[in-house]
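Here is a short briefing on one structure. Keep the sequence and the 3D view side by side as you read.

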Amino acid sequence: MSVSQPTELRQTNSEAPRPALPVDILRFNTCGSVDDGKSTLIGRLLYDSKSLMEDQIEALERSADITGGGQINLANLTDGLRAEREQGITIDVAYRYFATPRRKFIIADTPGHVQYTRNMVTGASTANLSIVLVDARLGVIEQSRRHTAIASLLRIPHLVVAVNKMDLVGWSEQRFLEIRAQFEEFLPRLDIKDVKFIPLSALNGDNVVDPSPHTPWYSGPTLLGHLETVHIASDWNLQGFRLPVQWVNRPNNPKNPELHDFRGFSGQIAGGIVRTGQKVIALPAGIVTTVKQIWTYDGPVQEAFCPQSVTVVLEHDVDVSRGSMLIGPDHLPGASNELHAEVCWMHPRGLQAGRKYFLKHTTHTVQAVVTELVHKLNVSTLETEAAPAELNVNDIGEIKLRTSKPIVFDGYGINRLTGSFILIEQGTNATVAAGMLMPPREVVKSEHGDYVI
Amino acid sequence: MQSYHLDHLQHLETEAIHIMREVAGEFERPALLFSGGKDSICLLRLAEKAFRPADIPMPFLNVDTGHHFPELNEFRDRRAKELGGKLIVRKVEDAIAQGIAVPAPGEVSRNRLQIPTLLAAIEEFRFDCCIGGARRDEEKARAKERFFSFRDSFGQWDPKNQRPEIWNLYNGRLNPGENMRVFPLSNWTEMDVWEYIQREKLEVPSIYFSHTRKAVRRGGQWLPVSDIVPPKPNEDVRELVVRVRTIGDIISTGLVESPATTTADIIAEIAAARVTERGSRADDKSSEAAMEDRKKAGYF
């Protein structure tokens with residue numbers, strides 16, 4: 001072969017102008033029931049925002065000839081698995097990516113079938129925003145309530161109710177307002193701060209990317225317009241420093257005297273801000289020490305914040321390992337082996353009191369026994385049933401647990417990262433539940449006896 | 001004045017570093033799949049960011065099909081050495097000689113044969129986790145795969161039975177013989193990768209940049225002329241100014257005509273691109289479910 005260029009490797013050219021980067025990332029998920037048109041909506045967002053490539057459109061056209069009688073099916077863009085295309089359903093969470101000059105988007109397309117609620121929890125747990133699709137002809141159905149309740153349970157800060165298939169109800173403002181009123185009936189019982197209603201047609205593209213000529217009575221933004229501008233900067237918790245230790249960094253490098261004694265604690269900051277020279281408490285040891293250095297690959301920094309990944313070097317040699325947590329002296333967390341939580345059960349083998357699991361919380365895995373099923377939530381009525389015998393797959397309920405070692409935690413409403421856990425079945429290692437902790441009844445005492453200062 | 005704001009690359013970076021450290025914390029014998037391609041180049045930088053000043057606590061593993069671009073292997077070997085890492089290379093040729101990988105009659109492509117070679121390497125070194133550079137934007141089956149992708153004792157992926165992945169709590173628990181594939185770049189796009197290469201001033205193999213090369217027209221694409229499948233007399237062979245957008249084997253990697261000589265040129269080219277990255281890979285075009293089928297059989 002002939003390669004005219006010398007084969008030596010080139011440094012990249014950093015002087016060259018680079019296109020403006022999107023300012024931040026918005027993660028959102030779409031949920032609705034089987035034929036609400038979720039995948040079509042995502043296909044439409046990608047298609048109209050010109051995020052689709054020619055070969056993707058060609059592939060759509062190819063499959064249209066085979067399965068769709070010549071009609072392009074935008075849902076085929078996200079339904080990637082063989083069984084999904086064959087059955088015309090979405091089995092699992094599909095992730096899609098697109099960007100506009102204002103923002104970069106990560107979409108989790110989560111299926112609507114009742115048996116796949118666990119996938120909705122998977123797709124929604126990291127979302128800033130949830131889109132609940134409603135078929136304008138059907139209005140609010142049990143699935144709409146279920147998805148909205150899960151979005152609320154997961155404390156997703158922003159909700160969009162996309163009233164789809166408006167073309168099939170003659171673009172009736174009255175129908176739109178009826179559906180809005182149906183939602184507003186149960187929204188006050190939920191914990192969602194920001195809700196937006198948008199009338200649209202995913203199939204035809206009305207109010208998805210471009211404003212619709214059919215809704216002169218609607219003065220709000222298009223769906224994409226809203227996604228581009230919704231305020232998400234305050235979605236991270238910057239109060240109360242938390243660093244769950246993932247890994248102890250010990251170079252053990254005898255050749256380099258500076259690194260010979262280096263001992264750093266690596267992790268992703270799960271809350272708050274940390275500064276060089278500040279006091280921190282190492283838990284569960286309960287020892288107060290000082291931050292000597294915040295080490296990063298790009299050089300030491302004076303301060304770091306959630307959700308940055310850092311390596312913290314402490315002034316004193318304290319007992320800290322994977323599963324320990326470094327915290328700031330303000331906004332103290334709880335530490336307990338008696339836990340109270342809401343869970344979404346995700347496994348066909350139901351939950352009964354007395355069962356033992358592994359519980360993974362931050363970077364810490366402990367054994368846990370479920371001591372009590374407090375209640376089960378009926379997601380259609382939002383009423384609770386006290387002391388159920390069992391929680392089955394897709395049930396949401398409140399439980400009490402006891403762990404083999406205390407864990408250091410916050411209420412989920414305060415901090416999604418230090419207030420969440422998963423349960424893992426022993427033996428099969430299946431992830432069986434997503435848990436959201438209630439606020440601690442008491443916080444760790446800052447005047448612990450063993451202080452090193 | 002600190003703004004406590006991360007841009008999108010910093011977000012993706014901290015997510016990926018967190019995942020790398022979870023691997024180091026949860027697995028006994030992890031490995032990092034390093035091919036020398038652009039995605040795995042980013043993985044190595046992320047490993048440095050996750051684990052320095054200590055050594056990167058896992059060896060690098062590459063399955064060499066024997067059909068690699070020579071520039072890629074040269075880069076792979078040199079980069080591993082620069083980082084002070086241990087590079088393990090297992091060759092499809094050796095796997096064929098040992099009867100681990102069995103080619104079908106007339107099968108020239110080494111794509112399928114990578115699978116048994118990789119699985120044999122995992123067994124040989126008893127790796128319980130392999131970090132790979134796959135991204136969800138590459139392909140529809142990958143779009144459904146978790147960060148921590150569980151493989152049974154045959155190395156198989158079961159897309160219908162994936163572990164729910166909630167918040168940033170990854171379940172890495174395994175029984176003996178089972179294996180995890182972990183993809184820290186899951187949420188990255190092709191554009192993110194190049195922007196990261198630019199921001200971090202990372203070196204990449206020269207074939208990503210424009211060069212002159214003899215190419216042969218096959219299956220609607222320009223493929224590099226090589227000795228493995230030499231051009232037939234009736235085939236259209238030309239000398240073109242090209243680069244590669246994604247690197248697979250030399251017999252299946254489409255060349256794109258391009259004048260891009262810097263990372264900035266490549267970023268501008270991708271921003272204006274009208275076909276996806278994998279549109280230039282013949283191995284993914286063979287059927288709509290080509291990638292899904294290979295992953296179910298134990299592919300990366």
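A polar contact is a pair of N or O atoms within 3.5 Å; within protein, one atom must be able to donate a hydrogen and the other to accept it. Keep that cut-off in mind for the helix below. The model is predicted.

**Confidence in chain A**
- Chain A has a mean pLDDT of 86. In this chain, 85% of residues reach 70 or more.
- Residues 1–20 of chain A are another matter: pLDDT stays under 50 there. The model still has 48 contacts beyond four places in sequence for this stretch.
- Where pLDDT is low, predicted coordinates should not be read in detail.

**Helix H1 of chain B**
- H1(B) covers residues 8–26, which makes 19 residues. From first C-alpha to last, the helix reaches 27 Å, close to the 27 Å expected at 1.5 Å a residue.
- Asp7(B) caps the N-terminal end of H1(B). One of its side-chain oxygens lies 3.0 Å from the backbone nitrogen of Leu9(B).
- H1(B) is mostly covered, with 16 of its 19 residues buried.

**Arg136 of chain B**
- Find Arg136(B) in the loop between strands E4 (129–131) and E5 (148–151) of chain B.
- What is the nearest side chain of opposite charge to Arg136(B), and how far away is it? It is Glu165(B), at 4.3 Å. A salt bridge needs the charged atoms within 4 Å. Arg136(B) is buried yet has no salt bridge.
- The side chain of Arg136(B) does reach the backbone oxygen of Glu145(B), at 2.9 Å. A polar contact of 3.2 Å also joins the side chains of Arg136(B) and Asn187(B).
- Beyond four places in sequence, Arg136(B) has contacts that include Tyr95(A), Tyr97(A), Phe147(B) and Ser186(B).

- Most residues other than glycine have a negative phi, and most peptide bonds are trans. The cases below depart from that pattern.
- The peptide bond from Leu283(A) to Pro284(A) is cis, with omega near 10°. Pro284(A) sits in the loop between strands E11 (279–283) and E12 (287–295).
- Cys306(A) and Pro307(A) are also joined by a cis peptide bond, with omega about 0°. Pro307(A) is in the loop between strands E13 (303–305) and E14 (309–314).
- Arg155(A) has a positive phi of about 55°. Its loop runs between helix H5 (142–153) and strand E5 (158–164). Arg155(A) is partly exposed, at 29% relative accessibility.
- Asn394(A) has a positive phi near 75°. This residue lies in the loop between strands E19 (383–386) and E20 (396–409). Asn394(A) is buried, with a relative accessible area of 7%.

Methods
Residues numbered from 1 in each chain as written. Chains lettered and ligands numbered in written order. Predicted model: local features only at pLDDT ≥ 70, side-chain atom pairs only at ≥ 80, totals over all residues. Heavy atoms only, no water. Helix = DSSP H or I, 4+ residues; strand = E, 2+ residues; numbered from the N terminus. Expected span 1.5 Å × (residues − 1). Buried < 20%, exposed > 50% of the residue type's maximum accessible area, 1.4 Å probe, protein only. pLDDT = per-residue confidence, 0-100. Contact = heavy atoms within 4.5 Å. Lys, Arg positive; Asp, Glu negative; His and termini not counted.
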